[in-house]
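Subject: Structure handover

Hello,

Here is the structure I promised to pass on. Please open it first, then read my notes below.

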Amino acid sequence: MGNKRLFVMIDDDIDDHEIFQMAIDELNEPLQCQFFADCESAITHFSENSASPPGYVFIDLRLPRIDSDQCLQELQKLKQFDHPLLVVYSSSIPEEFRNKLLQIGVDEFVEKTGSIQLLADRIQSLLTVD
């Protein structure tokens, strides 16, 4: 697993970036976040040798241009993407997608919530997963 203190979020909704950051801040732990609005920018970043491998990647199910499953498969091919905990973070996660996503390496599913505290609690629970 990469840097267990580095969280990456790939989501085209900037509001979700802000909510996620607020939830991370609630944890009062030395955690870092990197945000990407699309898969292409994440792939470009993690293609660089200087990129720090994340410990956790939260990815929205619905991304522009490249779907989340294809995005994850492309990221997993990169050397700088050192087996992070992969989390699909989406408004709704249809059951038919779950099995497909599990097969390509998704570890967890988290549905978006309006509660920063609920999200913070869920993120806190993931910090203990290895």
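In which strand is the place of Pro54? Pro54 belongs to strand E3. Helices (H or I, at least four residues) and strands (E, at least two) are DSSP runs, numbered from the N terminus.

Some ground rules before the rest. This is a predicted model, where local features need pLDDT of at least 70, side-chain atom pairs count only at pLDDT 80 or more, and totals for chains, interfaces and linings use all residues. Residues are numbered from 1 along each chain as its sequence is written, and side-chain values use heavy atoms, with hydrogens and water left out.

**Confidence**

pLDDT is the predictor's confidence in each residue, from 0 to 100. The protein has a mean pLDDT of 90. A value of 70 or more is reached by 96% of its residues. Among the elements, strand E2 (residues 32-36) has the highest mean, 97. Helix H3 (residues 68-76) has the lowest, 86.

Pro54 is buried, at a relative accessible area of 0%. Buried means under 20% relative accessible area, exposed over 50%, and partly exposed in between (1.4 Å probe, protein chains only). The C-alpha atoms of Pro54 and Gln34 are separated by 9.0 Å. Along the chain, these two residues are 20 residues apart.

Which strands pair with E3? Strand E1 (residues 3-10) pairs with E3 in the parallel sense, over five bridges. E4 also pairs with E3 in the parallel sense, over four bridges. Two strands count as paired if DSSP finds at least two bridges between them. Look at Val57 in E3. Val8 stands opposite Val57. In E4, Leu86 is the bridge partner of Val57.

**Nonpolar cores**

A nonpolar core is a set of buried Ala, Val, Leu, Ile, Met, Phe, Trp, Tyr and Cys residues joined through side-chain atoms within 4.5 Å. The largest has 24 residues. Ile10, Phe46, Cys71, Leu75 and Val88 have the most contacts inside this core. E1, helix H2 (39-46), E3, H3 and E4 each give two or more residues to the core. A second, separate core has 18 residues, including Ala23, Phe58, Val87 and Leu119.

Contact means heavy atoms within 4.5 Å. Not counting residues up to four places away in sequence, Ile10 touches several residues, including Val57, Cys71 and Leu75. Ile43 lies in helix H2. With the neighbours up to four places away in sequence left out, Ile43 touches Glu74, Leu75 and Leu78.

**Aromatic rings**

How many aromatic pairs does the structure hold? There are eight. Rings of Phe, Tyr and Trp (its six-membered ring) pair if their centres lie within 6.5 Å; planes under 30 degrees apart count as stacked, over 60 as edge-to-face and the rest as tilted. Take Phe20 and Tyr89. Their ring centres are 6.1 Å apart and their planes stand at 65 degrees, so this pair is edge-to-face. The pair links distant parts of the chain, with Phe20 in helix H1 (residues 14-26) and Tyr89 in strand E4 (residues 85-90), 69 residues apart. Phe20 is buried, at 0% relative accessible area. Tyr89 is buried too, at 2%. Ring pairs join Phe7, Phe20, Phe35, Tyr56, Phe58 and Tyr89 into a cluster.

Best wishes
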